[in-house]
Each structure stands twice: as structure tokens, then as C-alpha cells.
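Here is a short briefing to read alongside the sequence and the 3D view. Keep both open and follow the topics in turn.

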Amino acid sequence: MRITACSKKRVDLYKNHFSFYRKYAFVVFNTLRKPLFQRFLNWMLRRERIEEHEIKDVQIRMFPFIKENGNGLAGKCNSKGKIHLYPKGLKFFRKKMQEFGKENVNFYIKSRARATLIHELLHLKYVSDEEKVRELTEKYFNIFTKHQLTQNSDVHDIAKMLFK
Ligand SMILES: [Zn+2]
């Protein structure tokens, strides 16, 4: 797993908010590498019979991916087992920060990263069955969240933000 910036053009495009996106990428990186979450992923992969060698590369992209329709993309996975994870844009967080507060936004960033990686890993098996992948993502995400025994009482709100 590694953090990548894509291209110099993208760095230039986001240079005014470079430190925000760099910090974001490190939060995602550290969240996904936590032993508790890694153990959980291994368990999920075994359960789904997804072989570890099918995962060729996991890249945490530093900058958002905006689709042609203007919507952002959380992650993608190609048929060769390369997974890319993308951040949400700064604008989104400025709004959410006022609405939910810093702590919840941080929690959201971590949860979104976990849910996205779970989602993209499941695509290795269920390829283009988006409905199945979504259903299982929510299921596994909830299993992990419960397992984590988090004291955060806003888990429910976060789940709503993620899966609305
Ligand atoms: Zn998908």
C-alpha cells in the first residue's frame, strides 16, 4: 500500500491545498494499516475466498477524482487487481466541519477509507455486481465497527453519511 500523487499536473492543480490533501492521505494510510483492521481484512478475504495474490496494488491517491458528471469517486478497482482510493474534496469537509464538528469529520474520513477499501476488495470477486458489493460492504463495515467497540455515539450518523 502506498500514497501516490498521480501527476505533476494534479499537484499544480491542488497546490494551494497541498497540505490538507497530504495530511488526509496520511490519515487514510495509517487507518488502513492498523493491525486490527488488517486482521479484519484478512478474515474477510478468507471468508469470501479472495486470494491475497489477486490484490496487486493498493494506492492511496492524494487528490480527488472527479467524474465527467461532476461527482467524485471514492475508489476503483481494475481487472488486474489494482485498487485506487480517492479523497473527498476540501469543499465537502468545510461544509461538514460546521455541521458535524472536527472529531466526527475525522471519524468520517477513517470510516470512509475503510468502507472504500472493503468495497474495492469485494469487487475483485463480484466484479461488476455493484448491488452485491454494496450490500456486502455495508455488512462487513458494520461487523468491523461493532468489533471495534467504538465509544463514538455518532456511528449511526456516520453510517448514514456513508450509505445513505
Ligand atoms: Zn463499486
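In what order do the 4 strands of the open sheet run? The order is E1-E2-E6-E5, with mixed pairing; two strands count as paired if DSSP finds at least two bridges between them. Helices (H or I, at least four residues) and strands (E, at least two) are DSSP runs, numbered from the N terminus. Please keep in mind that this is a predicted model, in which local features need pLDDT of at least 70 and side-chain atom pairs count only at pLDDT 80 or more, while totals for chains, interfaces and linings use all residues. Residues are numbered from 1 along each chain as its sequence is written.

**Confidence**

- The chain has a mean pLDDT of 88, where pLDDT is the predictor's confidence in each residue, from 0 to 100.
- A pLDDT of 70 or more is reached by 90% of the residues.
- Strand E6 (residues 82-85) has the highest mean, 95, and helix H7 (residues 155-163) the lowest, 65.
- Where pLDDT is low, the predicted coordinates should not be read in detail.

**Overall make-up**

- There are 7 helices and 6 strands in the chain.
- Starting at the N terminus, the elements follow the pattern β-α-α-α-β-β-β-β-β-α-α-α-α.
- Of the 164 residues, 22% are buried; a residue is buried if 20 or more other C-beta atoms lie within 10 Å of its own, exposed if 12 or fewer, and partly exposed in between, with C-beta atoms placed from the backbone.
- Among contacts in the chain with a separation of 6 or more, 71% involve residues 24 or more positions apart; two residues are in contact if their C-beta atoms, placed from the backbone, lie within 7 Å.

- Strand E1 (2-4) and strand E5 (75-77) are the edge strands, each pairing on one side only.
- From one strand to the next, the twist averages 25 degrees; axes are lines fitted to C-alpha atoms, for helices over the stretch in contact, and angles run from 0 to 180 degrees between N-to-C directions.
- E1 runs parallel to strand E2 (residues 57-61), joined to E2 by 3 bridges. Arg2 has Gln59 as its bridge partner in E2, and Thr4 has Arg61.
- E2 also pairs with E6, in the parallel sense, over 4 bridges. Here Gln59 stands opposite His84.
- E5 and E6 pair in the antiparallel sense over 3 bridges, and Lys76 stands opposite His84 in E6.
- The hairpin of E5 and E6 has 4 residues between the strands, and Gly81 takes a positive phi near 85 degrees there.

**A closer look at Ile3**

- Ile3 lies in strand E1 and is partly exposed, with 14 other C-beta atoms within 10 Å.
- Beyond its neighbours within four places in sequence, Ile3 is in contact with Ala25, Phe29, Ile60 and Met62.
- Ile3 and Val28 are 25 residues apart in sequence, and their C-alpha atoms are 9.4 Å apart in space.

**Helix H2 on the sheet**

- Helix H2 (residues 18-33) lies across E1, E2 and E6, at about 145 degrees to E2.
- The end C-alpha atoms of H2 are 23 Å apart, which agrees with the 22 Å that its 16 residues should span at 1.5 Å a residue; the expected span is 1.5 Å times one less than the number of residues.
- Tyr21, Tyr24, Ala25 and Val28 are the buried residues of H2. They are on the same side of H2 because they cover an arc of only 100 degrees around the axis; the arc is that of the directions from the helix axis to the C-beta atoms.
- These buried residues pack against E1, E2, E6 and H5, whereas Ser19, Lys23, Asn30 and Arg33 are exposed on the other side of H2.

**Helices H5 and H6**

- H5 lies across E5 and E6, running at about 20 degrees to E5.
- Helix H6 (residues 130-147) has 18 residues and reaches 25 Å from its first C-alpha to its last, close to the expected 26 Å.
- Val133, Thr137, Tyr140, Phe141 and Phe144 are the buried residues of H6. Their arc around the axis is only 105 degrees, so they lie on the same side of H6.
- Glu131 and Lys146 are exposed on the other side of H6.
- Helix H3 (35-48) and helix H5 (102-126) are among the elements that cover the buried residues of H6.
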